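Biologist: I am new to this structure. Please take a close look at one part of it, and then connect that part to the rest.

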Amino acid sequence: MIEMHDIWKTYADGTSALNGVSVKIDRNEFVYLVGPSGAGKSTFMKLIYREEIPTKGEIFVNGFNIGKLKQRKIPYVRRNIGVIFQDFRLLPKLTIYENVAFAMEAIEAPRKVIKKRTMEVLELVGLKHKHKSFPSQLSGGEQQRVSIARAIVNNPAVIVADEPTGNLDPDTSLDIMNLLEEINFRGTTIVMATHNKEIVNSMRKRVIAIEHGNIVRDEQRGEYGYEI
Amino acid sequence: MKFSTLTRHIREGFKSILRNGWMSFASITSIFISLLILGVFILLALNMNAMASQIESQVQIRVFLETDVADDVVADLQKQVGNIPEVSKLIYVSKEEGLAQLRDRMGEDNSDWLEGYNNENNPLPITFTVEVFEPKLVKSVADQIHSIAGTYETSPVADVKYGQGIVETLFKVTDAIRNAGYIVVAALSITAVLLISNTIRMTIVARQREISIMKMVGATNSFIRWPFFVEGALIGVITSVLTTAIVLIGYDQIINAFQYELSFLTMQLLPVKEVMALTSLTMIILGSFIGIWGSVMSVRKYLKV
């Protein structure tokens, strides 16, 4: 599903973020990406959804060579990747329904399909009854659910989540994790960067640790491994 | 593009105007004010231009013949002057008509000056009143009349008058008025464009997040651009139509209100139907262009997410 071959990334200002990373993530895996701040986790994720391109090396996502992608092809590849952020990134002036439907409109799905599917995912994340509310009327956990609904509405093969529980209290974080696990169970590959030790240690998955731009640890059912 | 996508873009464009109420209001206000000032100046410029033309068209050449020219020479001269290509009209003023016109001009009070003069002892020469197609050509035509007169053995022309000196000054003034009008209108157009693109840039900066999220979920650039395009066009068209209507209605009111007060002037304001086409065309085209251009340019800047 995701393959990186000797990926190097140096930013324009000279900062080197990744130094020869190679990794293979299979379909339907759930991967935690751990490591100190500034270790290269975000760059790792940005390469997957083609926010950045590698300075050297090749990366394949869902069969596409991301580094060599033509500009006009980018949107079509992104449609197969759902992205979730720590700060939710919802559009404040759109209702919950519109925030989710928006992702389907962007890929020009028929209106009837949009309506049906949007309500379906809102039900899955447990917010069907609030579809007419605006993001500001929702709690943090609820907002993150909306952003998850938006990420999965187009049935992406991969979900990339950058600290999805970073802004949430422990109970709410657990809810979100259960939701992600459910989505993973239905067949979506998930790559999640996190600093949440409790979650990583209690919901055991594959753990990839990055330090100074290198993968220093890669274990199935691994532990968080850092003291906070 | 699918039809349903197009309707979506139009719907989103409309919604966006309503949702971004204050930003839309700012755009509409700045387009409105710019166009309003522009419209007023277009009307002023048109009227000044018309007045300048009217004054210029009153410029004529008067050809005074010698008093003792033979009839066939007069006829020949009249024909030759009339054949100058720039001449639009030649009026032959006989001695008798000349005297009558002079009496007219002197008025009742001074009529005794001309007492005793009649058709037998009329001291006035025959004159030609010459009008030209292009007022600025009077000097060249006057020179040509002089040279025609020079071809006769004895010149039949005593004098050629077109208000030398005064006419040149007049043209300088009318040209200055016209140029000032063009410069003001051009400057106002540029100001309007700058003002509005700035407002729209603010709108877009406010929506940078929206654009980056659209890109994140896999929207194509054209899909992102369309609603902004629709929004800009809508704001531009609606505002310019509204402004044009207000300017023209206001102008009509002014004409009606001052119809009698201004009638002592020889010059009159142009009627609405004469200025309507140019004013509304300029304003609506400019307004729509500004709206569309402003939004398209600003979106382009933020599409490279």
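Predicted model: local features only at pLDDT ≥ 70, side-chain atom pairs only at ≥ 80, totals over all residues.

Modeller: A:Arg221 is exposed, because 9 other C-beta atoms lie within 10 Å of its own. Residues are numbered from 1 along each chain as its sequence is written, while chains are lettered from A and ligands numbered from 1 in the order in which they are written.

A:Arg221 sits in the segment that follows strand 10 (214-219) of chain A. Helices (H or I, at least four residues) and strands (E, at least two) are DSSP runs, numbered from the N terminus. The phi angle of A:Arg221 is near 50°, which is positive although the residue is not a glycine.

A:Arg50 also has a positive phi without being a glycine, with a value of about 60°. A:Arg50 belongs to the loop between helix 1 (41-48) and strand 4 (56-61) of chain A. Its surroundings hold 19 C-beta neighbours inside 10 Å, so A:Arg50 counts as partly exposed.

Another loop residue of chain A is A:Phe85, placed between strand 6 (81-84) and helix 3 (96-106). A:Phe85 is partly exposed, because 19 other C-beta atoms lie within 10 Å. Leaving aside neighbours within four places in sequence, A:Phe85 is in contact with A:Ser147 and A:Asp162; contact means that the C-beta atoms of two residues, placed from the backbone, lie within 7 Å. From A:Phe85 to A:Ser147 is 62 residues in sequence and 8.0 Å in space, C-alpha to C-alpha.

As a whole, chain A has seven helices and 10 strands. Of its 228 residues, 42% are buried. Among the contacts in chain A with a separation of 6 or more, 68% are between residues 24 or more positions apart.

Next comes the interior. A nonpolar core is a set of buried Ala, Val, Leu, Ile, Met, Phe, Trp, Tyr and Cys residues joined through C-beta atoms within 7 Å. The largest such core has 96 residues, and those touching the most other members are A:Leu33, A:Ile48, A:Val100, A:Val160 and A:Val191. Helix 8 (residues 221-258) of chain B gives the largest share of this core, 10 residues. Apart from this core lies another, of 17 residues, which includes B:Val138, B:Val141, B:Ile145 and B:Tyr162. Not counting residues up to four places away in sequence, A:Val100 touches residues including A:Thr118, A:Val121, A:Leu122 and A:Arg150.

Chain B has nine helices and four strands. Their order from the N terminus is α-α-β-α-β-α-β-α-β-α-α-α-α. Of the 305 residues of chain B, 28% count as buried. Of the contacts in chain B between residues at least 6 apart in sequence, 87% join residues at least 24 apart.

B:Leu35, in helix 2 (residues 21-57) of chain B, counts as buried because 29 C-beta neighbours are inside 10 Å. Its C-alpha is separated by 8.6 Å from that of B:Leu286, 251 residues away along the chain. Beyond four places in sequence, the residues that B:Leu35 touches include B:Ala192, B:Thr239 and B:Met283.

Helix 5 (residues 138-150) of chain B has B:Val138, B:Val141, B:Ile145 and B:Ala149 as its buried residues. These cover an arc of only 85° around the axis, which puts them on the same side of helix 5 of chain B; the arc is that of the directions from the helix axis to the C-beta atoms. On the face turned away from the buried side are the exposed residues B:Asp143, B:Ser147 and B:Gly150.

Where the chains meet, the contact takes 16 residues from chain A and 14 residues from chain B. On the side of chain B that touches chain A, the elements giving two or more residues are helix 1 (3-19) and helix 7 (208-216) of chain B.

Finally, confidence. The mean pLDDT of chain B is 80, with 90% of its residues at 70 or more; pLDDT is the predictor's confidence in each residue, from 0 to 100. For the complex, the predictor gives an ipTM of 0.81 and a pTM of 0.66.

Terms used. Buried ≥ 20, exposed ≤ 12 C-beta atoms within 10 Å, placed from the backbone.
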